[in-house]
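Here is a short briefing to read alongside the model. Have the sequence and the structure open as you go.

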Amino acid sequence: MTGETNGTAIRVESVSRHYQMGSAVIPAINGVTLSILTGEFVALLGSSGSGKSTLLNLLAGLDRPTSGAIVVQNRNLAEMDTYELARYRSQIVGMVFQAFNLLPRMTLEENVELPLRLAEVDRAERSSRVREALGHVRLDKRLAHRPSELSGGEQQRAALARALVNRPSILLADEPTGNLDSATGEEIMLLLKQFNEALRMTIVMVTHERPLAERFAHRIVTLADGKLISERGANGGAKQ
Amino acid sequence: MKFGDISELAVRNLREAILRNSLTTLGVAVGVASLVAMLSLGVGLQQFASKKLSSTGLFNAVFVASRSEMGDFDRSRRNAAQNAAQPAAPLDEAARQEIARLQNVTEVYPEIRFMTEIRYANNPYPTMVAGVPESARADGAFDGMQGTFFSGPAADEAILQIEFAKELSNDPSSLIGKNLVLRYAERQALANSSARNSSSKGSASSASGGFSVVPHEQQLKIVGIVTTEPGGGFGGFGRSRVFIPLQVAQTLSATEVNDLRSVLNGSSANRDYASLTVRVKSPKQVEAVETTIKSMGFATFSLLDTTRNLRLFFTVFDLLLGIFGSLALAVATLGIVNTLVMAILERRREIGVFKALGADDRDVKQLFFAEAGVMGLIGGVFGVFLGWLIGRALTFGTNVYLARQSLPSVDISAVPVWLAFGAIAFAVIVSLIAGLYPAARAARLNPVEALRYE
């Protein structure tokens, strides 16, 4: 297992992810190497098919690299079994999706409680944790509402609360503003920035909206055809 | 995930597709109902047969005789050398009381049967009279008779066998309430002196005291007419045509066939019983009681082998009914597989979200497994109730038919506790087995592909 240097939250070492499509091999990610510091806000930019979502899924432990290593907290995700990866997703990372992915038949409270159930948190503790997480996104008055009763922005805020409820150290966001208007998108970005600064949470966000990335992220990593083509500070500054 | 959370989510998921899951659960219920109805018929018929057979008094009885008089009674000892070597124990009142004290013995009564002459309407009718114990009132031996059972254990009353009643009157039922006279030979013990005086005439009687025979008459009121032969020809009051209370028969002290034998073998001083009928709590305990009585030095006879064969027959019968009943449940399990596979397709994205939020393959598997189990449990409980209802309906229909045939009603189905709980457990187990494939398939879903699914 590769060691982790001080202050590095995630280290991606020569990671490739190839898909077999019949006899053809499609390289979704090809030899990407990247280090993300603890408390850093990194935006992954790129056009459709550039491999940014694939990289995010690899960072989330939802997928395994064909080669290379992804090291988080001194452990290589590529070497973990399915149970260890599930624990990693439950305890180390939180995920936010473009489509929110709230379960429609559950109330907000139940949706946010779900990661706590999966992490086997005591029932007595859950309620306060759910309220606290929904309080962070100002939805603690909407506990009994179902996702269909909320606006898009509220749904994404609820999804953020769900991602935060297990107090992860890394937040992975896959186009969190993709389904929102610009004002609501900005609101979500402000929340992400707030978590990043207040909770010193490492955030990796996939987006195709360069202006948002430039405003909120510390660093912008650009992918094209599965390769990392640039890495720079959000305002054109030096790489952190 | 904890068991409570899995169960809660499983029930919630089932409620979401309430119609489809209800229909699947109904399928399980129908399968279980079929199984329960079949087995309830098997159990009911077994209980019915056992009740009817036990009412004959054959299967929970041990018939006991003195070994000296009834050597042939006990085949196992017939040719045994030890039989000759071991002195025969007298089958007297002391022996009766000793046997009555044995564990699991409910009643011991002597066989009292003697030849008599019945006088009715000034005509003599020679026949055999038997004493009937009071317990015959409750054990069903006289079920279906015309009239009533004896009003008391010491009532001067008689029950006639139908063929004998026909000899007395062309209209047997008209005999009920009328009186008949029983003429019998009473046995009276001789005084010791007279026995000694008569010793020159017979050594057997002189040695044992002997007895004289005095004719007597006893008036009896006819209270009932029985169409079948109670006791099926075995055990005390079988093969007789007039039945009187056993206590009355003992009071009459009529001379029996074995009294003459006692005179001949020189044992007439103490009156021995010809045989005793020992009632045991249940047929299961017959073997143990019979062994104990044999060890006391008596010859015994029971229908033990017959009860064993009967149990074997009903075990095989129940097994076959269970197999046929299970076929519907087997079909219902395919419904569970279908429902859960459909659920996987519908909840593909949800499974992806679960995995993204930290569920491992085992959590997903257990969730689908629990859903199958809950369907099995609900279907099982409902199925047991439905099966019980079907059994009741069959019993009702059978009794309507029997009533039209002027036959007594019967209970042909029974759902004992073991069947109810066994059927529910079986439904849950079969449902869990049905859930194996869908659960494994759901657990294998790739979370990235599942999250992409629209």
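**The sheet in chain B**

Strands β1 (residues 61–66) and β10 (residues 275–280) of chain B pair in the antiparallel sense over 5 bridges. Strands are DSSP runs of E of at least two residues, and helices runs of H or I of at least four, numbered from the N terminus; two strands pair if DSSP finds at least two bridges between them. This is a predicted model, in which local features need pLDDT of at least 70, side-chain atom pairs count only at pLDDT 80 or more, and totals for chains, interfaces and linings use all residues. Residues are numbered from 1 along each chain as its sequence is written, while chains are lettered from A and ligands numbered from 1 in the order in which they are written.

- Val64(B) stands opposite Leu276(B) in β10(B).
- The open sheet has 4 strands in the order β2-β10-β1-β11 (chain B), with antiparallel pairing.
- At its edges stand β2 (105–110) and β11 (298–301) of chain B, each with a single partner strand, so one side of each has no neighbour in the sheet.

**Two helices of chain B**

- Helix α1 (residues 3–16) of chain B packs against helix α14 (residues 361–404) of chain B at an angle of about 65 degrees, with their axes 8 Å apart; axes are lines fitted to C-alpha atoms, for helices over the stretch in contact, and angles run from 0 to 180 degrees between N-to-C directions.
- α1(B) and α14(B) are therefore roughly perpendicular (65 to 115 degrees).

**Chain A**

- Chain A has 7 helices and 10 strands.

How values were computed
Parallel < 35°, antiparallel > 145°, perpendicular 65-115°, else oblique.
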